Amino acid sequence: MDRKTKTWIEGPIEGPEDPREGLEAVVVLRRTLEALEAAQVENAFVAGWSWAQIAEVLGVSKQAVHKKHAKRIRARYLGQPPGRRGRGA
Amino acid sequence: MFTRFTDRSRRPVEAAFEEARMLGHDSLGDEDLLLGILRADEGMAAEALSSLGVTLEDARDESERMLSDALSSIGISLEDIRREAGDAFDVSLPDDRKISYSPQAKNALVGARKEMRRLGDGHLGAEHVLLGILGNEDGTAVRMLNRMGVSPETLEERLFELRGRAAG
């Protein structure tokens with residue numbers, strides 16, 4: 001093997017063989033994480049959790065969770081005001 | 001930068017943004033431009049692609065498969081995540097989320113304009129955008145086409161064949 005074409009490390013390399021795949025994986029993971037957060041917040045909301053409870057577990061403010069998710073979830077569950085489920089609203 | 005689009009190139013670009021939004025791409029890649037052409041073009045670009053067996057459905061699936069393979073390379077299964085998250089899992093981006101052009105997509109559109117001038121065409125069409133996409137030799141769209149068994153050279157040849165035929 002030509003010296004120039006050698007990788008800087010000898011022997012088996014940990015991680016994906018193609019650096020591009022590893023980098024792409026980061027992008028996909030970021031997008032997936034976003035979708036996953038939306039899904040889990042929605043699941044919690046449907047299960048009757050309040051925004052405050054959801055925010056506490058996520059480790060962010062109630063306002064932040066509300067701002068990020070309320071509109072989308074409200075649109076999906078028309079006529080069921082967010083945060084009022086399970087309290088006779 | 002993109003002000004002189006004609007309808008024939010604007011529609012595929014608009015469709016590309018819709019595809020990106022649906023697939024959860026927070027920046028518009030050159031593979032999305034390809035999907036946009038497959039979805040909205042009614043001219044030579046779409047004809048060249050379909051004559052080589054490239055359909056919108058297959059291209060969407062391949063795009064998804066590439067992402068899924070990338071995740072597998074670091075030991076994560078997208079399928080498992082989907083299954084565990086249930087029905088609420090939806091990668092599509094909300095309407096108010098801004099999607100920007102990726103460097104590859106910008107490059108493809110700059111390339112499209114160059115192709116238009118080089119060919120002496122007066123209007124920017126989807127075929128120029130397709131040539132611009134193929135100009136990204138290491139781009140996501142080209143890798144996607146290769147995975148689908150279509151080489152950029154073959155596609156370019158087909159496109160010029162169709163152009164020659166249209167010119168009579």
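This is a predicted model: local features need pLDDT of at least 70, side-chain atom pairs count only at pLDDT 80 or more; totals for chains, interfaces and linings use all residues.
**Exercise 1.** How are α3(B) and α9(B) oriented to each other: roughly parallel, roughly antiparallel, roughly perpendicular or oblique?

*Solution.* Helix α3 of chain B covers residues 44–51 and helix α9 of chain B covers residues 152–166, and they pack at an angle of about 130 degrees with their axes 9 Å apart. As for handedness, the crossing in which α3(B) passes α9(B) is right-handed.

**Exercise 2.** Describe how α3(B) packs with α7(B).

*Solution.* The angle between α3(B) and α7(B) is about 55 degrees, and their axes lie 7 Å apart. An angle under 35 degrees would count as roughly parallel, and the roughly perpendicular range starts at 65; α3(B) and α7(B) are therefore oblique to each other. The residues that meet are B:M44, B:A45 and B:A46 in α3(B) with B:A126, B:E127 and B:L130 in α7(B), and they divide into five nonpolar, no polar and one charged.

**Exercise 3.** Which residues have the most contacts inside the largest nonpolar core, and which elements give two or more residues to this core?

*Solution.* The largest nonpolar core has 37 residues, and B:L33, B:I37, B:A45, B:V129 and B:L130 have the most contacts inside it. Two or more residues come from each of α1 (7–23), α2 (30–40), α3, α6 (103–118), α7 (126–134), α8 (140–147) and α9 of chain B. Leaving out residues up to four places away in sequence, B:I37 touches B:P12, B:A45, B:A46, B:L49, B:A126, B:V129 and B:L130. A second, separate core of seven residues includes A:A39, A:V41, A:W51 and A:V65.

**Exercise 4.** Is A:A52 buried or exposed?

*Solution.* A:A52 is placed in helix α2 of chain A, residues 51–58. Counting other C-beta atoms within 10 Å of A:A52 gives 12, and a residue is exposed if this count is 12 or fewer, so A:A52 is exposed.

**Exercise 5.** How many residues does each chain bring to the contact between chain B and chain A?

*Solution.* Chain B brings 17 residues and chain A brings 15 residues. On the side of chain B that touches chain A, α4 (56–72) and α5 (78–85) each supply at least two residues, and the residues of that side are 12 nonpolar, three polar and two charged.

Notes: Residues are numbered from 1 along each chain as its sequence is written. Chains are lettered from A and ligands numbered from 1 in the order in which they are written. Two residues are in contact if their C-beta atoms, placed from the backbone, lie within 7 Å. Helices (H or I, at least four residues) and strands (E, at least two) are DSSP runs, numbered from the N terminus. Ala, Val, Leu, Ile, Met, Phe, Trp, Tyr, Cys and Pro count as nonpolar, Asp, Glu, Lys and Arg as charged, and the others, Gly among them, as polar. Axes are lines fitted to C-alpha atoms, for helices over the stretch in contact, and angles run from 0 to 180 degrees between N-to-C directions. A crossing is left-handed if the near helix is turned anticlockwise from the far one by less than a right angle, and right-handed if clockwise. A nonpolar core is a set of buried Ala, Val, Leu, Ile, Met, Phe, Trp, Tyr and Cys residues joined through C-beta atoms within 7 Å. A residue is buried if 20 or more other C-beta atoms lie within 10 Å of its own, exposed if 12 or fewer, and partly exposed in between; C-beta atoms are placed from the backbone. Angles under 35 degrees count as roughly parallel, over 145 as roughly antiparallel, 65 to 115 as roughly perpendicular and the rest as oblique.
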